[in-house]
Amino acid sequence: STQSTWGIRPGMKMLDITNRLEAKLEQLIEKDGLNAGQAFPTGCSLNYVAAHWTPNTGDTTVLEYDDVCKIDFGTQINGRIIDCAWTVAFNPVYDPLKEAVQAATDTGLRAAGIDVRLCDIGAAIQETMEAHEIELNGKTYPIRSVRNLNGHSIGSYQIHAGKSVPIVKGGDATKMEEGELFAIETFGSTGKGFVRENLECSHYMQRPEARSIPIRNARSRQLLAHIQHTFATLAFCRKWLDSNGETKHLLALKGLVDCGAVEPYPPLCDQKGSYVAQYEHTILLRPTCKEILSRGDDF
(Lines give C-alpha, C1' and ligand atoms only; values in the text may rest on other atoms or scores of the structure.)
Protein backbone atom coordinates (compact mmCIF):
# COMPACT_ATOMS: atom_id res chain seq x y z
CA SER A 1 0.00 0.00 0.00
CA THR A 2 1.41 3.36 -1.00
CA GLN A 3 -0.55 5.64 1.33
CA SER A 4 1.61 8.34 2.74
CA THR A 5 2.32 7.94 6.43
CA TRP A 6 2.77 11.73 6.75
CA GLY A 7 6.06 11.19 8.55
CA ILE A 8 4.39 8.99 11.18
CA ARG A 9 6.84 6.43 12.55
CA PRO A 10 6.82 3.70 15.21
CA GLY A 11 8.17 4.99 18.52
CA MET A 12 6.48 8.39 18.24
CA LYS A 13 4.07 9.51 20.96
CA MET A 14 0.46 9.69 19.78
CA LEU A 15 0.27 13.15 21.33
CA ASP A 16 3.20 14.33 19.20
CA ILE A 17 1.71 12.74 16.07
CA THR A 18 -1.65 14.49 16.48
CA ASN A 19 -0.10 17.83 17.43
CA ARG A 20 2.11 17.66 14.35
CA LEU A 21 -0.72 16.68 11.98
CA GLU A 22 -3.03 19.35 13.39
CA ALA A 23 -0.38 22.08 13.13
CA LYS A 24 0.16 21.07 9.48
CA LEU A 25 -3.59 21.06 8.75
CA GLU A 26 -4.00 24.54 10.27
CA GLN A 27 -1.07 25.82 8.22
CA LEU A 28 -2.36 24.29 4.96
CA ILE A 29 -5.90 25.54 5.46
CA GLU A 30 -4.75 28.95 6.76
CA LYS A 31 -6.67 28.74 10.01
CA ASP A 32 -8.99 31.68 10.60
CA GLY A 33 -11.17 31.23 13.68
CA LEU A 34 -14.49 29.59 12.76
CA ASN A 35 -14.12 30.62 9.10
CA ALA A 36 -11.43 28.06 8.33
CA GLY A 37 -9.69 25.32 10.25
CA GLN A 38 -10.14 21.81 11.54
CA ALA A 39 -13.63 20.35 11.55
CA PHE A 40 -13.00 17.94 14.44
CA PRO A 41 -10.12 16.44 16.45
CA THR A 42 -7.70 14.20 14.57
CA GLY A 43 -8.62 10.63 15.41
CA CYS A 44 -5.74 8.17 15.71
CA SER A 45 -7.57 5.15 17.14
CA LEU A 46 -5.39 2.08 17.60
CA ASN A 47 -6.04 -1.60 16.93
CA TYR A 48 -9.39 -2.70 18.47
CA VAL A 49 -10.43 0.94 18.96
CA ALA A 50 -12.32 1.84 15.79
CA ALA A 51 -13.01 5.56 16.20
CA HIS A 52 -13.14 8.68 18.38
CA TRP A 53 -9.82 8.23 20.16
CA THR A 54 -7.29 11.01 20.32
CA PRO A 55 -4.83 11.47 23.21
CA ASN A 56 -5.72 13.76 26.09
CA THR A 57 -3.01 16.04 27.52
CA GLY A 58 -0.37 13.97 29.33
CA ASP A 59 -1.16 10.74 27.50
CA THR A 60 2.04 8.71 27.02
CA THR A 61 0.81 6.16 24.45
CA VAL A 62 3.50 5.40 21.84
CA LEU A 63 2.80 4.11 18.33
CA GLU A 64 4.22 0.58 17.94
CA TYR A 65 5.39 -1.24 14.81
CA ASP A 66 2.54 -3.77 15.18
CA ASP A 67 -0.24 -1.19 15.65
CA VAL A 68 -3.09 -0.49 13.23
CA CYS A 69 -3.76 3.26 13.41
CA LYS A 70 -6.74 5.03 11.81
CA ILE A 71 -5.94 8.67 10.94
CA ASP A 72 -9.34 10.39 10.70
CA PHE A 73 -9.24 14.13 10.09
CA GLY A 74 -11.45 16.93 8.89
CA THR A 75 -11.13 20.46 7.62
CA GLN A 76 -13.74 23.16 7.12
CA ILE A 77 -14.02 26.45 5.28
CA ASN A 78 -17.09 28.56 6.12
CA GLY A 79 -18.68 25.48 7.69
CA ARG A 80 -18.20 23.28 4.62
CA ILE A 81 -16.62 20.14 6.05
CA ILE A 82 -14.40 17.57 4.36
CA ASP A 83 -13.97 14.33 6.31
CA CYS A 84 -11.26 11.84 5.33
CA ALA A 85 -9.54 8.83 6.87
CA TRP A 86 -7.01 6.16 6.11
CA THR A 87 -5.15 3.44 7.99
CA VAL A 88 -1.45 3.40 8.86
CA ALA A 89 0.11 0.01 9.62
CA PHE A 90 3.83 -0.63 9.30
CA ASN A 91 3.74 -4.42 9.53
CA PRO A 92 2.75 -5.88 6.11
CA VAL A 93 0.78 -8.69 7.81
CA TYR A 94 -2.10 -6.17 8.03
CA ASP A 95 -2.13 -5.43 4.28
CA PRO A 96 -5.10 -7.78 3.60
CA LEU A 97 -7.15 -5.89 6.22
CA LYS A 98 -6.26 -2.49 4.77
CA GLU A 99 -6.95 -3.73 1.22
CA ALA A 100 -10.37 -5.13 2.21
CA VAL A 101 -11.46 -1.87 3.81
CA GLN A 102 -10.11 0.31 1.02
CA ALA A 103 -11.93 -1.88 -1.52
CA ALA A 104 -15.13 -1.62 0.55
CA THR A 105 -14.88 2.18 0.68
CA ASP A 106 -14.24 2.27 -3.09
CA THR A 107 -17.37 0.12 -3.56
CA GLY A 108 -19.36 2.60 -1.46
CA LEU A 109 -18.05 5.52 -3.49
CA ARG A 110 -18.98 3.74 -6.74
CA ALA A 111 -22.44 2.76 -5.47
CA ALA A 112 -23.33 6.22 -4.13
CA GLY A 113 -25.32 8.65 -6.24
CA ILE A 114 -28.49 10.69 -6.62
CA ASP A 115 -31.63 8.57 -5.92
CA VAL A 116 -29.57 5.59 -4.70
CA ARG A 117 -31.07 3.88 -1.63
CA LEU A 118 -28.79 3.95 1.43
CA CYS A 119 -29.54 0.26 2.14
CA ASP A 120 -28.25 -0.74 -1.31
CA ILE A 121 -24.92 1.02 -0.65
CA GLY A 122 -24.61 -0.83 2.67
CA ALA A 123 -25.28 -4.20 1.04
CA ALA A 124 -22.66 -3.56 -1.66
CA ILE A 125 -20.07 -2.43 0.91
CA GLN A 126 -20.62 -5.52 3.07
CA GLU A 127 -20.37 -7.87 0.11
CA THR A 128 -16.97 -6.39 -0.87
CA MET A 129 -15.66 -6.24 2.71
CA GLU A 130 -16.64 -9.76 3.69
CA ALA A 131 -15.16 -11.38 0.59
CA HIS A 132 -11.80 -10.86 2.33
CA GLU A 133 -9.99 -12.62 5.16
CA ILE A 134 -6.67 -12.24 6.94
CA GLU A 135 -4.16 -14.63 8.49
CA LEU A 136 -2.56 -13.47 11.75
CA ASN A 137 -0.22 -15.71 13.76
CA GLY A 138 -1.31 -18.80 11.84
CA LYS A 139 -5.04 -18.21 12.36
CA THR A 140 -7.44 -17.07 9.63
CA TYR A 141 -9.99 -14.40 10.53
CA PRO A 142 -12.94 -13.26 8.44
CA ILE A 143 -12.97 -9.48 7.91
CA ARG A 144 -16.31 -8.10 9.07
CA SER A 145 -18.01 -4.79 8.37
CA VAL A 146 -18.55 -3.08 11.74
CA ARG A 147 -22.34 -3.16 11.70
CA ASN A 148 -23.02 -0.25 14.07
CA LEU A 149 -20.66 2.24 12.37
CA ASN A 150 -21.58 4.10 9.20
CA GLY A 151 -21.01 6.97 6.82
CA HIS A 152 -23.15 10.08 7.14
CA SER A 153 -24.51 13.17 5.47
CA ILE A 154 -22.68 16.41 6.32
CA GLY A 155 -24.29 19.82 6.91
CA SER A 156 -23.03 23.35 7.52
CA TYR A 157 -20.81 23.23 10.65
CA GLN A 158 -22.49 19.85 11.27
CA ILE A 159 -20.45 16.68 10.87
CA HIS A 160 -23.48 14.34 11.13
CA ALA A 161 -26.47 15.89 9.35
CA GLY A 162 -29.10 13.19 9.78
CA LYS A 163 -28.68 10.54 7.09
CA SER A 164 -26.57 7.44 7.79
CA VAL A 165 -24.81 5.38 5.11
CA PRO A 166 -24.74 1.81 6.46
CA ILE A 167 -21.85 -0.56 5.81
CA VAL A 168 -23.97 -3.71 6.18
CA LYS A 169 -27.16 -4.88 4.47
CA GLY A 170 -30.67 -4.41 5.88
CA GLY A 171 -30.49 -0.63 6.29
CA ASP A 172 -32.80 2.28 5.58
CA ALA A 173 -34.41 2.65 2.13
CA THR A 174 -34.03 6.48 2.22
CA LYS A 175 -32.38 7.82 -0.92
CA MET A 176 -29.42 10.11 -1.47
CA GLU A 177 -30.44 13.42 -3.04
CA GLU A 178 -28.95 15.99 -5.40
CA GLY A 179 -26.76 18.57 -3.66
CA GLU A 180 -26.07 16.42 -0.60
CA LEU A 181 -22.63 15.98 0.91
CA PHE A 182 -21.73 12.55 2.31
CA ALA A 183 -18.83 11.00 4.15
CA ILE A 184 -18.47 7.48 2.78
CA GLU A 185 -16.49 5.55 5.38
CA THR A 186 -16.12 1.87 6.06
CA PHE A 187 -14.63 -0.05 8.97
CA GLY A 188 -13.43 -3.64 8.71
CA SER A 189 -12.63 -5.73 11.78
CA THR A 190 -11.00 -9.03 12.66
CA GLY A 191 -13.21 -9.06 15.77
CA LYS A 192 -16.97 -9.17 16.32
CA GLY A 193 -17.74 -6.37 13.87
CA PHE A 194 -19.60 -4.47 16.60
CA VAL A 195 -18.36 -1.55 18.72
CA ARG A 196 -19.17 -0.29 22.20
CA GLU A 197 -18.19 2.90 24.02
CA ASN A 198 -15.13 2.36 26.22
CA LEU A 199 -11.97 4.08 27.54
CA GLU A 200 -11.41 7.71 28.55
CA CYS A 201 -13.35 10.28 26.52
CA SER A 202 -11.52 12.92 24.47
CA HIS A 203 -14.13 14.02 21.87
CA TYR A 204 -17.04 16.35 22.70
CA MET A 205 -19.51 18.50 20.77
CA GLN A 206 -21.91 21.27 21.76
CA ARG A 207 -25.55 20.22 21.36
CA PRO A 208 -27.76 22.48 19.18
CA GLU A 209 -30.08 23.24 22.12
CA ALA A 210 -27.20 24.26 24.45
CA ARG A 211 -28.11 27.96 24.36
CA SER A 212 -31.54 27.33 25.90
CA ILE A 213 -30.27 25.22 28.83
CA PRO A 214 -29.94 27.02 32.19
CA ILE A 215 -26.44 26.42 33.60
CA ARG A 216 -26.05 27.23 37.29
CA ASN A 217 -22.34 26.66 37.70
CA ALA A 218 -20.33 29.80 36.80
CA ARG A 219 -17.25 27.89 35.60
CA SER A 220 -19.42 25.66 33.38
CA ARG A 221 -21.13 28.77 31.96
CA GLN A 222 -17.76 30.34 31.21
CA LEU A 223 -16.49 27.12 29.58
CA LEU A 224 -19.62 26.88 27.41
CA ALA A 225 -19.12 30.49 26.28
CA HIS A 226 -15.56 29.56 25.27
CA ILE A 227 -16.81 26.45 23.40
CA GLN A 228 -19.50 28.47 21.58
CA HIS A 229 -17.02 31.15 20.58
CA THR A 230 -14.21 28.81 19.56
CA PHE A 231 -15.90 25.68 18.16
CA ALA A 232 -19.62 26.52 17.77
CA THR A 233 -21.25 23.18 16.77
CA LEU A 234 -17.96 21.61 15.60
CA ALA A 235 -16.46 18.76 17.63
CA PHE A 236 -13.51 19.51 19.91
CA CYS A 237 -11.22 17.61 22.25
CA ARG A 238 -9.87 18.12 25.75
CA LYS A 239 -6.31 18.91 24.64
CA TRP A 240 -7.66 21.76 22.49
CA LEU A 241 -9.30 23.25 25.59
CA ASP A 242 -5.95 22.97 27.39
CA SER A 243 -4.01 24.63 24.56
CA ASN A 244 -6.57 27.46 24.52
CA GLY A 245 -5.83 28.15 28.18
CA GLU A 246 -8.92 26.33 29.51
CA THR A 247 -6.89 24.08 31.81
CA LYS A 248 -8.51 22.31 34.79
CA HIS A 249 -11.72 22.09 32.76
CA LEU A 250 -12.78 18.52 33.59
CA LEU A 251 -15.37 19.29 36.29
CA ALA A 252 -16.88 22.19 34.33
CA LEU A 253 -17.02 20.01 31.21
CA LYS A 254 -18.68 17.19 33.17
CA GLY A 255 -21.26 19.74 34.34
CA LEU A 256 -22.02 20.67 30.71
CA VAL A 257 -22.37 17.00 29.79
CA ASP A 258 -24.62 16.29 32.79
CA CYS A 259 -27.01 19.14 31.95
CA GLY A 260 -27.19 18.19 28.26
CA ALA A 261 -25.36 21.20 26.78
CA VAL A 262 -22.41 19.14 25.52
CA GLU A 263 -22.45 15.60 24.12
CA PRO A 264 -19.50 13.28 24.87
CA TYR A 265 -18.27 10.93 22.13
CA PRO A 266 -16.19 8.23 23.86
CA PRO A 267 -13.93 5.86 21.91
CA LEU A 268 -15.79 3.11 20.02
CA CYS A 269 -14.19 -0.29 20.56
CA ASP A 270 -14.50 -3.80 19.15
CA GLN A 271 -13.26 -6.70 21.30
CA LYS A 272 -9.79 -6.36 22.77
CA GLY A 273 -7.14 -8.12 20.68
CA SER A 274 -8.94 -7.45 17.39
CA TYR A 275 -7.84 -5.04 14.66
CA VAL A 276 -9.99 -2.47 12.87
CA ALA A 277 -9.08 -0.51 9.72
CA GLN A 278 -10.91 2.49 8.21
CA TYR A 279 -10.94 4.38 4.90
CA GLU A 280 -13.12 7.40 4.20
CA HIS A 281 -13.78 10.05 1.54
CA THR A 282 -16.25 12.92 1.25
CA ILE A 283 -18.44 13.16 -1.86
CA LEU A 284 -20.66 15.91 -3.23
CA LEU A 285 -23.67 14.81 -5.32
CA ARG A 286 -23.70 17.47 -8.00
CA PRO A 287 -26.48 17.47 -10.64
CA THR A 288 -24.27 15.96 -13.35
CA CYS A 289 -21.49 14.27 -11.41
CA LYS A 290 -20.35 12.76 -8.16
CA GLU A 291 -17.28 14.65 -6.95
CA ILE A 292 -14.86 13.08 -4.46
CA LEU A 293 -13.69 16.18 -2.63
CA SER A 294 -11.00 14.49 -0.51
CA ARG A 295 -9.19 12.59 -3.29
CA GLY A 296 -5.42 13.12 -3.35
CA ASP A 297 -2.41 11.69 -5.17
CA ASP A 298 -1.90 8.89 -2.66
CA PHE A 299 -5.45 7.84 -1.74
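Two residues are in contact here when heavy atoms of theirs come within 4.5 Å. Keep that in mind as we walk through this structure, which is a predicted model.

Let's start with Cys84, which sits in strand E4, residues 80-89. Cys84 is buried, because its relative accessibility is 7% and the cut-off for buried is under 20%. Setting aside its neighbours within four places in sequence, Cys84 is in contact with Ile71, Asp72, Phe73, Glu280, His281, Ser294 and Phe299. Lys31 is another matter: 53 residues separate Lys31 from Cys84 in sequence, and their C-alpha atoms are 18 Å apart in space.

One of those contacts of Cys84, Glu280, deserves a visit of its own. You'll find Glu280 in strand E16, residues 276-285. Glu280 is buried yet has no salt bridge, and the nearest side chain of opposite charge, that of Lys70, is 12 Å away. What does Glu280 touch, not counting residues up to four places away in sequence? The list runs to Asp72, Asp83, Cys84, Ala85, Thr105, His152, Ala183, Ile184, Glu185 and Phe299.

Next, hop over to strand E10, where Leu181 lies. Leu181 counts as buried because its relative accessibility is 16%.

Now for the charged pairs. How many salt bridges does a search of the whole structure find? It finds ten. One pairs Arg295 with Asp106, the closest N and O atoms being 3.9 Å apart. Arg295 lies in the segment after strand E17 (290-292) and Asp106 in helix H2 (residues 95-111), so this pair ties together parts that are 189 residues apart in sequence. Arg295 is partly exposed at 42% relative accessible area, and Asp106 is partly exposed too, at 24%.

Lys163 and Glu180 form another salt bridge, with 2.9 Å between the closest N and O atoms. This pair links distant parts of the chain, 17 residues apart: Lys163 is in the loop between strand E8 (150-153) and strand E9 (164-166), and Glu180 is in the loop between E9 and E10.

Glu209 is partly exposed at 33% relative accessibility, and Arg207 is partly exposed at 30%. Salt bridges that share partners also join Lys163, Glu177 and Glu180 into one network.

Lys192 lies in the loop between strand E10 (181-189) and strand E11 (196-197), and Lys192 is partly exposed, with a relative accessible area of 48%.

Finally, check the backbone at two loop residues. Glu30 has a phi near 55°, a positive value in a residue other than glycine. Glu30 is found in the loop between helix H1 (14-29) and strand E1 (36-46), and is exposed at 64% relative accessible area. Asn78, which also isn't glycine, has a positive phi near 50°. Its loop runs between strand E3 (68-77) and E4, and Asn78 counts as partly exposed because its relative accessibility is 42%.

Notes:
Residues numbered from 1 in each chain as written. Predicted model: local features only at pLDDT ≥ 70, side-chain atom pairs only at ≥ 80, totals over all residues. Heavy atoms only, no water. Helix = DSSP H or I, 4+ residues; strand = E, 2+ residues; numbered from the N terminus. Buried < 20%, exposed > 50% of the residue type's maximum accessible area, 1.4 Å probe, protein only. Lys, Arg positive; Asp, Glu negative; His and termini not counted. Salt bridge = Lys/Arg side-chain N within 4 Å of Asp/Glu carboxyl O.
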